[in-house]
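Welcome! Let us take a look at salt bridges together.

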Amino acid sequence: MLKSLAFKLQEALVSVLPVACIVFLLYLSPFTTLSNQELVVFLATTVLLILGIGLFNLGADLAMTPMGEQVGVGLTKSRKTLLLLTVSFMLGVLITVSEPDLTVLATQLKELVNESLLIWTVGIGVGLFLTLSVMKIIFKKTLSSLLMYFYMILFAVASLLIMNAKGDFLAVAFDSGGVTTGPVTVPFMMALGVGIASAVGGRNASENSFGMVAMCSVGPILAVLLLGLSSSGEMTYAVPYQSVSEILPGLGHTILSVMEEVAIALGMIVAAFAVLQLTVLHLPKKKLIQIAIGILYTYFGLVLFLGAVNVGYMPVGYRLGCELADQAPMFIVGFGFLLGLVVVLAEPAVHVLKKQVEAITDGRIRGTSMMLALSIGVGISLALSMLRILLGFSVFYYLIPGYLLSLGLSFFVPSIYTAIAFDSGGVASGPLTSGFILPFAVGICAVFGGVDKVLENAFGIVAMVAMTPLITIQLLGFRSVVSAAVRRRIAMRRILDADDDRIIEFM
């Protein structure tokens, strides 16, 4: 166990260190005036972030992944399809309404939509699409065709929103797709897909293992868009980020709040698993002890991670955004690209997906190649988002061509790349994106356009982070297709150009 933890901590150190180095270099540069207190708090929370990611990843291996797989296998083998679909819907709703990031989103929209109404509507959206993704696996339907259909519906509803002069809802709605597939739900959902696909079997079992996160990212977007159509009044926004000096006096309250949020989120999954254990699964005691230990690791890992983001990364991200926009606006686009290259590596669920990809494909799709494509995609998304903030145009000008390109690529690449790509979009837009990148964007926007422009220009950055990996990872698949075609052509040419004297004739 200690060896595994040491390896996970080493992985986390490699992931988080680039982000910390960038912030430290900015501290030394003339472009920012971070105080010594802010730097010390940031470095201390970076240590906690590393510990949190390491513990979370170990907990995911010991608990979240086995729980998801066992639920998927056990319910599928029971041959009670209605029970499987009902449990999937309930899990989708309960896990989503307990996601800490969703509460933050609901608070931002409380002037327009009732918080409880928004949370439960989004939860029902995730539950419905989780059920649809389970049906996709059972009935062996193609992910790309389903995504094409639902995204066409999504963009049709978005167009209605624009026609009704409610375009400010667009960025928030698309951001919600990334917010609701958070660190608690992603490992469980991915493992659930693996369990169901392995129990169903078939020629495309490995491909069917992916796509659950992708489908569940669509539901929240549709839910918020529909709420936007039915809402009335103007959207208001107040910058929620406090400075480090303001946070430190209430540090105890902040940590207790995070502990409560994580306990509720994990408690929903544990309660559902306990009921299924008593009624359907009946796992041995040894396995249950391993899962219980893993849940503890997951809990403390998430508390450390989210606590570090709230205390150190949010205020520093907002401060850096404000100061860079004021002192060095010409470097903002390039800095956004650099930050995007490294920040995605620190997302906890990204490492869970990387491990699953390597395991399901038996190493045919290398984790390093996938991480490189993911990193480049997020870097491009942040650079484009910084440009949008500077020029002040709608995120829809990116999202429409971006999603059309990604959906179009799905017809030319192996299906497994499409499934992995759309899952990666939900995984990449995790809590560090909303806890460091979004405050950074809000800070830039507050300087350039004022707080009134934040909803229109700063929001949508999470949606961009979720979209660009769909393109870059499918391009990785397209490269493999082209490489295979070139190799076949070279081999055929060698056969055709072979000297006739070397051909042996058998009589």
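The model is predicted: local features need pLDDT of at least 70, side-chain atom pairs count only at pLDDT 80 or more, and totals for chains, interfaces and linings use all residues. Residues are numbered from 1 along each chain as its sequence is written, and side-chain values use heavy atoms, with hydrogens and water left out.

How many salt bridges does a search of the whole structure find? The search finds 4, where a salt bridge is a side-chain nitrogen of Lys or Arg within 4 Å of a carboxyl oxygen of Asp or Glu. The table includes three of them.

| Pair | Closest N and O atoms |
|---|---|
| Arg-319 and Glu-38 | 2.6 Å |
| Lys-355 and Asp-61 | 3.0 Å |

Let us begin with Arg-319, which forms a salt bridge with Glu-38. Arg-319 lies in helix α13 (residues 285–327) and Glu-38 in helix α2 (residues 36–77), so the pair ties together parts 281 residues apart in sequence. Helices here are DSSP runs (H or I, at least four residues), numbered from the N terminus. Glu-38 is buried, at 7% relative accessible area, while Arg-319 is partly exposed at 25%. Buried means under 20%, exposed over 50%, and partly exposed in between, using a 1.4 Å probe and protein chains only.

Glu-323 is buried, at 12%.

Next comes Lys-355, which pairs with Asp-61. Lys-355 lies in helix α15 (residues 348–360) and Asp-61 in helix α2, so this pair ties together parts 294 residues apart in sequence. Lys-355 is partly exposed at 43%, and Asp-61 is partly exposed at 25%. Together with Lys-8, these two residues are linked in a network of salt bridges.

Notes:
Helix = DSSP H or I, 4+ residues; strand = E, 2+ residues; numbered from the N terminus.
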